[in-house]
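Me: Hi! Could you walk me through this one in plain words?
Reply: Happy to, here it comes.

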There are 2 protein chains.
Amino acid sequence: VEASEELGLLQSAKVIFICTPIGLIVPTVANLVPLLSPATVLTDVGSVKGPIVEAASELWPNFIGGHPMAGTAESGIAAAQFKLFAHRPYVLTPTVNTSVDTIETLRSLVHSLDANLYHCDPMQHDQAVAWISHLPVMVSASLITACTAEADPAILTLAQQLASSGFRDTSRVGGGNPELGLMMAQHNQSALLRSLYTYRDQLNTFIQCIEQENWYDLEAYLKHTQGDRPYFLNSEF
Amino acid sequence: VEASEELGLLQSAKVIFICTPIGLIVPTVANLVPLLSPATVLTDVGSVKGPIVEAASELWPNFIGGHPMAGTAESGIAAAQFKLFAHRPYVLTPTVNTSVDTIETLRSLVHSLDANLYHCDPMQHDQAVAWISHLPVMVSASLITACTAEADPAILTLAQQLASSGFRDTSRVGGGNPELGLMMAQHNQSALLRSLYTYRDQLNTFIQCIEQENWYDLEAYLKHTQGDRPYFLNSEF
C-alpha cells in the first residue's frame, strides 16, 4: 500500500474511489479524466446518486456510483476502522450504459469488505435514502424548532426539564451536523421534497383525527405504525 | 406493609395513590369519596393533569395531581423496581385551593423516593408534556406512515433494507404502544393540537427553504437545532 499526493500515479490505478464532499465529486472527475488509463474504473461514495451518476458517467464511461452506508461522525485517517464496512449496506447504482466489467470490479471489491451489496437505479437510491435518512433529519429538526418556539418561558423550561428518552431519540438526527443536513437538501432536493409532501399529508391525517376526535381511525393508524416499523429494522441495528 | 382488596381499610389511610389508566382516575375518586376520612390526601400518577385535577379536586378538596415520570413498558407487581423513581422527575400540580398540608405530605413522600420534584400549574404540565412526549409520538408515527406510503415497491423494499440508526431512533416512539398514543391524544387533546399546529408551521418553514433553495436560512435553522437540543437533554439520559 502506497500513499501519495502525486496525481501522475493514478495512471496505473485499476479503480479510483472519489471520497470528496458531494458537491466536489463531479468537478474531481473532470480534473482526473486527463490523467487516467482508458480501462480505469471510477467510483464515488456520495450519499446522493442521481445527478452525480449522470454527470460523471458523461465525463467517464467507466464510472459507477456507489454509496457505502457506514462510518462515524469522525473524519481523517485517524478515524479509520478495521471492518468498518462489514455487514453494512453498500449500494451500487449502475445504469444501462455501465459495462459488465465495471460492475464486476466493484462487486468483488465490495464483497472483499464483507459489506451487504445492493444494486439499484440511481433515482431509486435517492428516493430510498430520502425516506429513511434525509426526511428523518427534517422531521426531527422541525420538532426541535417547534418546541423551542414555545412562548411561555415557564412551559419551555419545564419541557426542557421533563424531556426524556422519547424526545432524545426523536430529536437526535435533527440536532446533528448542520452541514450534512444542508447537503442532503441541496443535492437530493426533489426526492426529499417528495418525501416531505407525503409526510405533511400524513401529519395532517393525524391532526384531523385528533381535531375530529376520530379515535377509531387514530388507533388504527397507530396500530399500523407499530406493526410496520419492524420491517425497517434490520438485524444490524 | 399490607395489601388487600378490602376497600374499608382505606378509612385509616393517610395518603392514597390512584394508579389507574387516565380515563378511570376521576371515576375512581368518585367511588372512593364515601369511604375516606376527611384528612386523607388523594393523589394520582396520570400523565395528563388539567381535566383530572379540576374534576378530582371538586370531588375531594385534599386531591393533588402528580406525575412521576419513570417506569418501563412492563406492568404488574412483578415489574416493580427498587429505586424506580430515584433521580427521575416527579411533577406535582397543586392549585390555588390545594392546602399547604396536602402539598407538604406529597413533597416529603416524593423526597423519600429520591425523585426530582417539580411544581407547576396543571395546564403548564400538560403543555410541557405535549411538547416533549405527546408531540414526538405523532411526529414519529407520521414518519412511519409516510415511508410506508411509498407506492413503488422496489423503493419501499430498498428503504427498508437501507434504514439504519437515524430511522430507528426517529421512528421509535411512533412505533410504540398504540393504546398509549391514543390516550395521550384523547386526554391532552388541546395542548397536543397546539403543539401539532406549531410543528406543522415549522415543518412548512423547512419545506419552503428547500423549495426556494434558501440554503442560507436552512443552514441557520439547522445550526439552531444543533445548539438548542442539548437544553432538552438532562444528565439522566
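**A chat about the model**

Reply: To start with chain A, 47% of its 237 residues count as buried, where buried means under 20% relative accessible area, exposed over 50% and partly exposed in between, with a 1.4 Å probe and protein chains only.

Me: And what kind of model is it?
Reply: This is a predicted model, in which local features need pLDDT of at least 70, side-chain atom pairs count only at pLDDT 80 or more, and totals for chains, interfaces and linings use all residues. Residues are numbered from 1 along each chain as its sequence is written, chains are lettered from A and ligands numbered from 1 in the order in which they are written, and side-chain values use heavy atoms, leaving out hydrogens and water.

Me: What pLDDT does chain A average?
Reply: Chain A averages 95, and 99% of the residues score at least 70. The pLDDT is the predictor's confidence in each residue, from 0 to 100. For the complex, the predictor gives an ipTM of 0.93 and a pTM of 0.93.

Me: Good. How many helices and strands are in chain A?
Reply: Nine helices and five strands. These are DSSP runs numbered from the N terminus: helices are H or I with at least four residues, strands are E with at least two. Along the sequence the pattern is β-α-β-α-β-β-α-β-α-α-α-α-α-α. The C-alpha trace of chain A spans about 65 × 35 × 30 Å along its principal axes.

Me: What share of the contacts in chain A join residues at least 24 apart?
Reply: Among contacts between residues at least 6 apart in sequence, it's 66%. Contact here means heavy atoms within 4.5 Å.

Me: Switching topic: how are chains A and B related?
Reply: A rotation of 180° with 0.0 Å of shift along its axis superposes chain A on chain B, with an RMSD of 0.0 Å. That is the relation of a two-fold axis. The superposition is by least squares on the C-alpha atoms of residues with pLDDT of at least 70 in both copies.

Me: Which residue of chain A comes closest to that axis?
Reply: That's A:T170, with its C-alpha at 2.1 Å from the rotation axis.

Me: And why do you say the copies meet through the same surface?
Reply: Because 100% of the interface residues of chain A are also interface residues in chain B.

Me: What about the largest nonpolar core?
Reply: The largest nonpolar core has 81 residues, and those with the most contacts inside it are A:Y199, A:L218, B:Y199 and B:L218. Helix α4 (residues 122-148) of chain A gives the largest share, 13 residues. A nonpolar core is a set of buried Ala, Val, Leu, Ile, Met, Phe, Trp, Tyr and Cys residues joined through side-chain atoms within 4.5 Å.

Me: What does A:Y199 touch?
Reply: Leaving out residues up to four places away in sequence, A:Y199 touches A:L135 and A:V139, plus B:V139, B:S142, B:L143, B:A146, B:Y199 and B:L203.

Me: Now α2 of chain A: which residues are buried and which are exposed?
Reply: In α2(A), residues 50-59, A:G50, A:I52, A:V53 and A:A56 are buried. They cover an arc of only 160° around the axis, which puts them on the same side of α2(A). On the other side, A:E54 and A:E58 are exposed. What covers the buried residues includes α1 (22-32), β2 (41-44), β3 (63-68), β4 (89-93) and α4 of chain A.

Me: Last one: is A:D126 buried or exposed?
Reply: A:D126 is buried, with a relative accessible area of 3%, and is found in helix α4 of chain A. Not counting residues up to four places away in sequence, A:D126 touches A:V48, A:K49, A:G50, A:P51, A:N188 and A:A191. A:V48 is 78 residues from A:D126 along the chain, yet their C-alpha atoms are separated by 5.8 Å.

Technical notes
The arc is that of the directions from the helix axis to the C-beta atoms.
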